[in-house]
Amino acid sequence: MSRDVTGQAVVVGATGAVGAVLIKRLTDRGMPVVAVARSADPLRQLADGNALVTACTADIADNASIAAIRDCLSGPVRLAVFAAGLPVRGSADTIDPEMMAVGANVKMGGLLRLLHAVRDRFVAGSRFVAFAGSLGLEPRAHEAGPGAINAGVFNLMRQISLLYGPKGVTVHTLAPGPADTPRLRRIVQSVADERNVPFDEVWQEYQAQNSLQRLPTPQEVAWAVTMLLDPEADIMHGGVLHLDAGGLRGIY
């Protein structure tokens, strides 16, 4: 492959807090983006008025999404980002066992669907990026799904790096930990309601888990993705970027 610094991006999970910010950062620098999400109306709103955004309504949990994404591509793919959320919660005692398979289909199966959709459009210097939660590295008692499934994502991304590194395509896993998003605030509110304590008490517990005493923002996480477009980021191939504001405790 010859190195081509032009091309388009593909973002799965486009209407999420991080996905939407990332798309704005990419289009602000003139990069066309194929925005992939399951719900058509929020996706249409995201693309409205931005000629650089191609809306692609597709369920990444379904194999039909492969063809749907392919049909939206019009040139080299310089950046493919898997930022879809994980639709499962609960401890090993409380989680519906079938939901583990649902989560794995979204997060690991979806990751492979994105890869299969874009791989023929890769050029030397292309980036393949996925989000994997820090619970995959540091399990907690009450999050069986995110812990086990994200551990699988870390492993799968390392496998992909071994396949695609020799082709000049770099592979990067991002582990932001809990970020300050509307989705997290809804989760914190539900936890507070369950415990019959104020929202701020639970929120402060989340913040205290990080040595910086705050949570990452979508803007900061999106910045890290766009940083990977720099040619110097080649050297980060196969690695994990910890974007957790000091939440990681182990040594890896």
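## Close-up views of a predicted model

View 1. Valine 197 is partly exposed, because its relative accessible area of 21% falls between the limit for buried, under 20%, and the limit for exposed, over 50%. In this predicted model, valine 197 has its place in the loop between α6 and α7. When its neighbours within four places in sequence are left aside, valine 197 is in contact with Ala192 and Val202. The C-alpha atom of valine 197 is separated by 29 Å from that of proline 97, a residue 100 residues apart from valine 197 along the chain.

**View 2. Asparagine 196 in the loop between α6 and α7.** Asparagine 196 is found in the loop that lies between α6 (182–195) and α7 (199–208). Its relative accessible area is 72%, and asparagine 196 is therefore exposed. The backbone of asparagine 196 has a phi near 60°, which is a positive value in a residue other than glycine.

**View 3. The packing of α6 and α7.** Two packed helices are described by the angle between their axes and by the distance between those axes. For α6 and α7, the angle is about 120° and the axes are 8 Å apart, and the two helices are therefore oblique to each other. The crossing in which α6 passes α7 is right-handed. On the side of α6, the contact is made by Leu184, Arg185, Ile187, Val188, Gln189, Val191, Ala192 and Arg195, while α7 contributes Phe199, Glu201, Val202, Trp203, Glu205 and Tyr206. Sorted by class, the residues in the contact of α6 with α7 are nine nonpolar, one polar and four charged.

View 4. Seven strands form an open sheet in the order β3-β2-β1-β4-β5-β6-β7, and their pairing is parallel. The edges are formed by β3 (53–57) and β7 (240–242), each of which pairs on one side only. From one strand to the next, the twist averages 20°. Helix α2 (residues 40–47) packs on the sheet, where it touches β2 (33–37) and β3, and the direction of α2 makes about 175° with that of β3. Helix α5 (residues 144–164) also packs on the sheet, touching β5 (122–131), β6 (170–175) and β7, and the direction of α5 makes about 165° with that of β6.

**View 5. Strand β1 and its partners.** Strands of a sheet pair through backbone hydrogen bonds, in either a parallel or an antiparallel sense. Strand β1 (residues 8–12) runs parallel to strand β4 (residues 77–82), and five bridges join the two. Within this pairing, leucine 79 of β4 is the bridge partner of alanine 9. β1 also pairs with β2 in the parallel sense, over four bridges, and valine 12 has valine 36 of β2 as its bridge partner.

**View 6. The covered strand β2.** In a regular strand the side chains alternate between the two faces of the sheet. β2 is covered on both faces, with Val33, Ala35 and Ala37 buried on one side and Val34 and Val36 buried on the other. Five of the five residues of β2 are thus buried.

**View 7. The buried residues of helix α8.** Helix α8 (residues 218–227) has Pro218, Val221, Ala222, Ala224, Val225 and Thr226 as buried residues. These buried residues of α8 pack against α1 (17–28) and against the strands β4, β5 and β6.

Technical notes:
Residues are numbered from 1 along each chain as its sequence is written. This is a predicted model: local features need pLDDT of at least 70, side-chain atom pairs count only at pLDDT 80 or more; totals for chains, interfaces and linings use all residues. Side-chain values use heavy atoms; hydrogens and water are left out. Buried means under 20% relative accessible area, exposed over 50%, partly exposed in between (1.4 Å probe, protein chains only). Two strands pair if DSSP finds at least two bridges between them. Axes are lines fitted to C-alpha atoms, for helices over the stretch in contact, and angles run from 0 to 180 degrees between N-to-C directions. Contact means heavy atoms within 4.5 Å. Angles under 35 degrees count as roughly parallel, over 145 as roughly antiparallel, 65 to 115 as roughly perpendicular and the rest as oblique. A crossing is left-handed if the near helix is turned anticlockwise from the far one by less than a right angle, and right-handed if clockwise. Ala, Val, Leu, Ile, Met, Phe, Trp, Tyr, Cys and Pro count as nonpolar, Asp, Glu, Lys and Arg as charged, and the others, Gly among them, as polar.
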